[in-house]
Amino acid sequence: MEKLRHAGGCLCGEVRYEVSGEVSNLCYCHCISCRRAAGAPLVPWGTVARQGFRLTRGALAEYGSSPAVARGFCAACGTSLTYRHAARPAEIDVALATLDDAARFAPQMHVWVSEKLPWVSINDGLPQFAAGSASDAHLA
C-alpha cells in the first residue's frame, strides 16, 4: 500500500483533490451501480481515510445512489470521483483512474463479480468476490 500524497481530479480540471495516507482496498468493482455511475464495465477504486481526503479546487457534487451511499462527481464534466458508504464514515473511496499517478495503484481484487457483465472476461488471476471483499461483503 502507498503512504504518500497523491493528487487527482476530473476530466475538465474543475475539481482537484489530494489524498494522503494509506491507499487500501484496491479493487475493480463490477456492481451495476458503479457501472452506471461511470458508464464503464467496471470501476477501479481505492480506499483512504476520510481525514486524508481534501479538495484543492472546486467542489464535489454528490448523488445518493442508494440510502447509504453518496457518490461524488464533477458537476461540470460528470467525472465520477468518490464513493462514501454510511457504514464506513471514517473512509472514502476514490476512483483510481482519476489519480494523476494512477499507474501506481493496480487493483488487487475484483468485487461484486456476481453483477459482472457477461462479456467481461476476468483472467488476471486476482481474487474474486461475489459481493464486496471478504472484509466488507456486508455493505451491499
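Among contacts between residues at least 6 apart in sequence, 53% join residues at least 24 apart; contact means heavy atoms within 4.5 Å. This is a predicted model, in which local features need pLDDT of at least 70, side-chain atom pairs count only at pLDDT 80 or more, and totals for chains, interfaces and linings use all residues. Residues are numbered from 1 along each chain as its sequence is written, and side-chain values use heavy atoms, with hydrogens and water left out.

Next, the layout. The chain has one helix and nine strands, in the order β-β-α-β-β-β-β-β-β-β. Helices (H or I, at least four residues) and strands (E, at least two) are DSSP runs, numbered from the N terminus.

Now the inside. Of the 140 residues, 42% are buried, meaning under 20% relative accessible area with a 1.4 Å probe, protein chains only. The largest nonpolar core has 15 residues, and Tyr17, Val19 and Phe53 have the most contacts inside it. A nonpolar core is a set of buried Ala, Val, Leu, Ile, Met, Phe, Trp, Tyr and Cys residues joined through side-chain atoms within 4.5 Å. Strands β2 (16–29) and β8 (91–95) each supply at least two residues of this core, and β2 gives the most, with four. A second, separate core has 12 residues, including Cys27, Val69, Tyr83 and Ala95.

Serine 80 sits in strand β7 (residues 80–85). Leaving out residues up to four places away in sequence, serine 80 touches Ala37, Trp45, Gly72, Phe73, Ala95 and Thr98.

Definitions and conventions
Buried means under 20% relative accessible area, exposed over 50%, partly exposed in between (1.4 Å probe, protein chains only).
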